[in-house]
2 protein chains.
Amino acid sequence: MEDKKPLILVTNDDGITAPGIRTLIKIMNKLGDVVVVAPDSPQSGMGHAITLNDNLYCDPLNVEETANHLEYSCSGTPADCVKIAKQEILKRKPDLCVSGINHGSNASINVIYSGTMSAAVEAGLEGIPAIGFSLLDYSLTADFSPCEDFVERIARNVLEHKLPPGVVLNVNIPKLKREEIKGIKVCRQAKAHWREEFDKRTNPQGRDYYWLTGTFINEDEGEDTDEWALANNYISLVPIQFDLTAHKAINTINNWNLND
Amino acid sequence: MEDKKPLILVTNDDGITAPGIRTLIKIMNKLGDVVVVAPDSPQSGMGHAITLNDNLYCDPLNVEETANHLEYSCSGTPADCVKIAKQEILKRKPDLCVSGINHGSNASINVIYSGTMSAAVEAGLEGIPAIGFSLLDYSLTADFSPCEDFVERIARNVLEHKLPPGVVLNVNIPKLKREEIKGIKVCRQAKAHWREEFDKRTNPQGRDYYWLTGTFINEDEGEDTDEWALANNYISLVPIQFDLTAHKAINTINNWNLND
């Protein structure tokens, strides 16, 4: 349709200097013109937070001296980054928004806590094809090289096919060597939850405080789920939507005694 | 099934002293034993954020001297409040979790930015029937009295019928007099988005910053939507789910060229 190179917006939730986003920027530079707008500090667990009660800073930055793409560091959340990129920085609507590569899983129910995915959803709301990528390795020294060609392949497919309206992609990558990865599997989100464990401590002033920790509980044995795919050495790709309506429940509730 | 009074967890995102939660506490005290665990400060726009990189305080508090229910003020987000209530404060799983009454709309796409709804979703994930309530009035002096009997009726129905697995309720109430409210309508989430407008300013040190503002754009003319119901003087009730899988998109994407 166009001869122009695709315009690609890159963001994340681990912050603009995280190894995961640096890998993603490198891959996206093969596919189009890249603009990076990413948080100036880690935003993990921010869900779809936006900054309403504070001002936002967004300044040009050069993380890599040799880079020929534009980068901006933003004081806000991942969703803020996408909003400000679209409205204040980019001259036209991007052809693709990619978020990540997150250091840690956003599979299953983690999607709802995920800053990485909130950026993708925010772009999707604007009609921008969008993908969140995550590697199942929380380490800051995680090795992203095994997944590079898969990330590139998924992004190329989205640039070519676009995405159905109201849909963005949640891609999770197992922590494996390149030759151990069996391929990409389109999945549904596994039913799972976290069993919280609060680590209770007392501060030097004698006041109790807590650290939130927890154990991930997968209740779902389906072989069509993202958790199954990841446990079986596949990259999981879940199309997700932001119409949260539980359509099947509407009839049930219409039988209640709501209007006497 | 049980003779015991229902145990009801109350939370919100506007903070434990907001008029909306005080109204909700008063109503819930008619229906069961109330425990309040709510943020110590406003958390609007926090989406499904959780506190991973900071410690959490959660202290007993008596906002109303005459109250005979327990209250705790928590330094975290609405989702944190539900997690800590369940794990550290409540002696058994509550029969109901209610969040709100939010000062401002959480209808349509606002659900994904909503701290109020994130608390309800967090409870729903634990199998606790949960409802988020919002009044379409941002004012701190909003009049919650016209909606009190509707809130009570919806909560009574949920206590009686429970909710389908994986479903929580998003209830929005128009800003009207009691006699102007036509009733409760079960709806789907309207397709809509925000058109951002950034208010760019310069701080005293000469650095640019932004305030996020915007205009709500409803693209959806369906008469089965929450936006239609609210515009037509109904209370909207949308069942929402946290399985975000776009099931219909799975076949489409399986036709892509992902694995060779």
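Tutor: Contact means heavy atoms within 4.5 Å. This is a predicted model, where local features need pLDDT of at least 70, side-chain atom pairs count only at pLDDT 80 or more, and totals for chains, interfaces and linings use all residues. Residues are numbered from 1 along each chain as its sequence is written, and side-chain values use heavy atoms, without hydrogens and water.

Student: How many residues of chain B are in contact with chain A?

Tutor: The copies meet through the same surface, because 100% of the interface residues of chain B are also interface residues in chain A. Chain A puts 79 residues into the contact. For chain B, the number in contact is 79.

Student: Which residue of chain A meets Lys83(B) in a salt bridge?

Tutor: A salt bridge is a side-chain nitrogen of Lys or Arg within 4 Å of a carboxyl oxygen of Asp or Glu. Between chain B and chain A the count is six. In one of them, at 2.5 Å from N to O, the partner of Lys83(B) is Glu196(A).

Student: What is the area buried between chain B and chain A?

Tutor: Buried area is the accessible area (1.4 Å probe) that two parts lose on being put together, summed over both. Carbon and sulfur atoms give 61% of it. The total is about 7,300 Å².

How values were computed: Chains are lettered from A and ligands numbered from 1 in the order in which they are written.
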